Amino acid sequence: MSFELPPLADLLAHSYVVRLPMRVKFRGITQREALLIEGPEGWGEFSAFVEYAPAEASRWLSAGIEAAYQPFPEPLRTTIPVNATLPAVSASEVGAVLEKYDAPHTIKIKVAEQGQGLEQDLARVAEARRLYPQAALRVDANMGWDIGQAVHALKALSEFDLQYAEQPVPGITGLAEVREQLRTAGIDLKIAADEAVRKHTDPLEVSRLGAADLMVIKAQPLGGIQAVLDIARQAELDVVVSSALDTSVGLSQAAALASALPELPYACGLSTGTLFADDVCAEPLLATAGYLPVRRIDADPRKLKQLRPEQQRVDWWLRRVEQCYEQLVKD
């Protein structure tokens with residue numbers, strides 16, 4: 001961590017818990033909880049998924065503290081190209097979901113959803129390609145396949161001219177094996193590492209082992225902007241900045257990260273604000289014609305009150321801050 005932690009009492013005194021309703025189920029949830037931190041530099045977000053233990057969730061807290069207590073870096077660009085995100089909906093729902101986005105030029109499509117099969121994935125991708133023939137399509141399996149399933153599925157899905165496939169299998173060695181088998185089969189589909197970077201104790205191992213063609217990096221899971229910039233600098237791979245289903249406060253930090261990267265060859269996964277039916281600010285951070293503005297977001301006091309969950313959940317998040325803070329002090 002490149003900055004000094006503020007006192008825990010200050011964090012707790014300026015923390016606000018919210019629960020955002022979602023338009024469609026995403027990552028298995030229909031409501032997204034987050035804790036927002038008001039600091040001297042603005043607002044930060046701590047929204048590690050509820051199943052994450054303190055060792056992993058503490059990095060998310062570090063990112064939230066950084067955003068609230070440290071200035072954002074000087075931007076190299078004022079807008080960020082972003083992809084639309086298509087959850088694992090049925091083919092008949094694809095059009096309605098993508099209509100929520102303003103002129104998407106890149107579409108990230110969820111595949112390998114638990115309880116679904118390859119036939120549904122193919123139908124979803126085919127419908128997206130039919131509706132948006134000029135768009136760049138990418139798929140994200142969130143580690144949902146084993147190696148054999150991934151190779152079989154990606155051979156079939158590659159017929160739709162995919163930009164890349166994100167984290168088709170768990171782990172780093174699995175990614176390397178899938179990538180090698182596809183190359184052997186004559187399929188030059190790029191492989192992107194996500195969980196293999198953000199859930200690994202050494203996020204640079206993907207690069208050293210040649211397991212992927214690019215890295216998907218997220219500000220919260222990796223500890224904040226400065227931590228991610230250091231990883232990107234050392235990795236020597238193209239990077240895609242993505243969100244972790246953040247509120248607009250978290251998205252503003254991710255956009256600031258993307259704006260500070262020397263190169264940004266791919267559209268970023270920062271248009272997930274469209275998935276929410278409500279947000280923490282009066283003007284949510286949404287893309288226009290596939291581009292997201294780079295700007296700080298201030299939480300609206302009225303929204304904080306409206307979106308506050310029951311006291312039991314507020315107490316749970318405050319205890320979690322304490323646990324993760326202790327982890328940061330130990331680290």
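Strand 1 and strand 2 (residues 29-39) are paired in the antiparallel sense over eight bridges; two strands pair if DSSP finds at least two bridges between them. Helices (H or I, at least four residues) and strands (E, at least two) are DSSP runs, numbered from the N terminus. The model is predicted, so local features need pLDDT of at least 70 and side-chain atom pairs count only at pLDDT 80 or more, while totals for chains, interfaces and linings use all residues. Residues are numbered from 1 along each chain as its sequence is written, and side-chain values use heavy atoms, with hydrogens and water left out.

Y16 has L36 of strand 2 as its bridge partner. The open sheet has three strands in the order 1-2-3, with antiparallel pairing. Strand 1 (15-26) and strand 3 (42-46) are the edge strands, each pairing on one side only. From one strand to the next the twist averages 35 degrees.

Axes are lines fitted to C-alpha atoms, for helices over the stretch in contact, and angles run from 0 to 180 degrees between N-to-C directions.

| Helix | Strands touched | Angle of directions |
|---|---|---|
| Helix 2 (residues 54-69) | strand 2 and strand 3 | about 175 degrees with strand 3 |
| Helix 12 (residues 311-330) | strand 1, strand 2 and strand 3 | about 60 degrees with strand 2 |

Elsewhere, the axes of helix 4 (residues 118-131) and helix 5 (residues 147-157) come within 10 Å and cross at roughly 30 degrees. L118, D121, L122 and V125 of helix 4 make the contact with H152, A153, A156 and L157 of helix 5.

Terms used:
Contact means heavy atoms within 4.5 Å.
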